[in-house]
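Subject: Structure handover

Hello,

Here is the structure I promised to pass on. Please open it next to this email and follow along.

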Amino acid sequence: MKNLLASSLRLEKKLDNIAALLAFLASETQDGLPDKARVLSRLGLRPARIAEICGTTAMTVSVRLSEAKKRARGARKKGK
């Protein structure tokens, strides 16, 4: 039973690493943290995970996502 649990935990870690790599690759076409954070957020990642992938803090990611949302709202209002 312990071996099964240990194997399961190792597999989960490997899958998490693969998911992080795929997320990193998905964001590589974007310039700058705000664009990368927006793409990764749309893929369902939380700010803490985005921060790990981009090499920054979760707070910085949260701020950049908030700024991007404000810009998007402003652009929509101007378009109306």
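Predicted model: local features only at pLDDT ≥ 70, side-chain atom pairs only at ≥ 80, totals over all residues.

Start with helix α1, which covers residues 2-27. Ser-27 belongs to this helix. Is Ser-27 buried or exposed? Ser-27 is buried, because its relative accessible area is 1%, and the cut-off for buried is under 20%. Its side chain has a polar atom 2.9 Å from the backbone oxygen of Phe-24. Which residues does Ser-27 touch once neighbours within four places in sequence are left aside? They are Lys-36 and Leu-40.

Both of those residues turn up again in α2. The buried residues of α2 are Leu-33, Lys-36, Ala-37, Val-39 and Leu-40. Viewed down the axis of α2, these buried residues fall within an arc of 165 degrees, so they line one face of the helix. An α-helix has 3.6 residues a turn, so residues three or four places apart point the same way.

Asp-35 also lies in α2. Asp-35 counts as partly exposed, because its relative accessibility is 25%. Its C-alpha atom is 31 Å from that of Leu-11. Along the chain, Asp-35 and Leu-11 are 24 residues apart. After α2 comes Gly-44, with a positive phi near 100 degrees.

Next is α3, residues 47-54. Its buried residues are Ile-50, Ala-51 and Ile-53. Seen down the axis of α3, they fall within an arc of 165 degrees, so they too line one face of their helix. Gly-55 follows α3. The phi of Gly-55 is positive, near 75 degrees.

Now the largest pocket. How much space lies in it? The answer is about 180 Å³. Its lining is made up of Arg-38, Ser-41, Arg-42, Leu-65, Ala-68, Lys-69 and Ala-72. Two helices, α2 (32-42) and α4 (58-79), each supply at least two residues of that lining. Which helix gives the largest share? That is α4, with four residues. By class, the lining has three nonpolar, one polar and three charged residues.

One is Ser-27, in contact with Lys-36 and Leu-40. Another is the buried face of α2.

Best wishes

Key: Residues numbered from 1 in each chain as written. Heavy atoms only, no water. 1 Å grid on protein atoms, 1.4 Å probe; cavity = no way out; pocket = protein on both sides within 12 Å on 5 of 7 lines; lining within 4 Å. Points joined across faces, edges and corners; volume = space filled by probe spheres on them. Nonpolar A, V, L, I, M, F, W, Y, C, P; charged D, E, K, R; others polar. Buried < 20%, exposed > 50% of the residue type's maximum accessible area, 1.4 Å probe, protein only. Arc of directions from axis to C-beta. Polar contact = N/O pair within 3.5 Å; in protein donor to acceptor, adjacent residues only side chain to side chain. Contact = heavy atoms within 4.5 Å.
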